[in-house]
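Here is a short report on a protein model.

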Amino acid sequence: MGEQKFEKKKKQICAGLLAHVDAGKTTLSEALLYESGQLRRLGRVDHRDAFLDTDAQERERGITIFSKQAHLSLDGLDLTLLDTPGHVDFSSEMERTLQVLDYAILVISGTDGVQGHTATLWRLLARYHIPTFLFVNKMDLAGTDRAALLEQLRSRLSGGCVDFSAPDWEESAAVCDDGILEKYLEEGTLDDGDVISLIRHRKVFPCWFGSALKLDGVAELLQGIGR
């Protein structure tokens, strides 16, 4: 008999996109699908042709009403992406999806920062113990201040919010756990297992800053999730 070859099975995870309304969550889902090669062209909410906003009411009102799912493939990872409603009127639809999530991607508007519903979403994510990535969107618009936004995330959400695009992100992540900090001080670096453990146990919340509409920072977010 010839030699059998076995393909390594891809890891499968389900991640939900959550946000206060108008933070750009559906635009980010469109950008993620485009960057991963699942879409050939970018739709836009304001053009009423966003891939996941398929319902006539959603296209008319420019908001997500029903949770939708899409699939994208990264190196070694199959990712099911759930786009949830951001409007508070449809929060029950959003909360139903939390029970099936492995991870969450919380989208925050760089022009508005942490809003009331953002804080509510954060409490729900804590209640369901969901590891969370953050994407601060609309950083291409005037008036956004990266340092001030990061400080707001740390003060209003968690001190474990770490800018993963900053040169010193490893040090900022390591200080969130005494044991990992001791290892970091000895070795001068963090391995991926340490970082994954910090994220999984909700001690660290990786943050990226960019513009979903301009595809700025989207590739870096995807790479971070895949890694």
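**Basis and confidence**

This is a predicted model, in which local features need pLDDT of at least 70 and side-chain atom pairs count only at pLDDT 80 or more, while totals for chains, interfaces and linings use all residues. Residues are numbered from 1 along each chain as its sequence is written, and side-chain values use heavy atoms, with hydrogens and water left out.

The pLDDT is the predictor's confidence in each residue, on a scale from 0 to 100. Its mean over the protein is 84, and 78% of the residues reach 70 or more. Residues 53–59 have pLDDT below 50; beyond near neighbours in sequence, this stretch has 20 contacts in the model. Residues 61–66 also fall below 50, and there the number of such contacts is 26. Contact here means heavy atoms within 4.5 Å.

Helices are DSSP runs of H or I with at least four residues, strands are E runs of at least two, and both are numbered from the N terminus. Of the eleven residues of α1, eight are buried, so the helix is largely enclosed by the rest of the structure. Buried means under 20% relative accessible area, exposed means over 50%, and partly exposed lies in between (1.4 Å probe, protein chains only). The buried set includes Leu28, Ala31 and Leu32, and also the charged residues Lys25 and Glu30. Just after α1, glycine 37 takes a positive phi of about 85 degrees.

Two packed helices are described by the angle between their axes and the distance between the axes. Helix α1 (residues 25–35) packs with helix α9 (residues 218–226) at about 75 degrees, and the axes are 10 Å apart. That makes α1 roughly perpendicular to α9 (65 to 115 degrees; under 35 is roughly parallel, over 145 roughly antiparallel, the rest oblique). The axes are lines fitted to C-alpha atoms over the stretch in contact, with angles from 0 to 180 degrees between N-to-C directions. On α1, the contact uses Leu28, Ala31, Leu32 and Glu35; on α9, Val218, Ala219, Leu221 and Leu222. By class, seven of these residues are nonpolar, none is polar and one is charged. Nonpolar covers Ala, Val, Leu, Ile, Met, Phe, Trp, Tyr, Cys and Pro; charged covers Asp, Glu, Lys and Arg; the others, Gly among them, are polar.

**Salt bridges**

How many salt bridges are there? The count comes to seven. Each is a side-chain nitrogen of Lys or Arg within 4 Å of a carboxyl oxygen of Asp or Glu. The table gives three of them.

| Pair | N to O distance |
|---|---|
| Aspartate 140 – lysine 214 | 3.5 Å |
| Lysine 183 – aspartate 194 | 3.1 Å |
| Arginine 227 – aspartate 192 | 2.9 Å |

Arginine 227 lies in the segment after α9 and aspartate 192 in helix α8, so this pair ties together parts 35 residues apart in sequence. Arginine 227 is exposed at 58%; aspartate 192 is partly exposed at 31%.

Aspartate 140 is partly exposed, with 37% relative accessibility.

Lysine 183 is partly exposed at 25%, whereas aspartate 194 is buried at 11%. Lys183, Asp191 and Asp194 are linked in a network of salt bridges.
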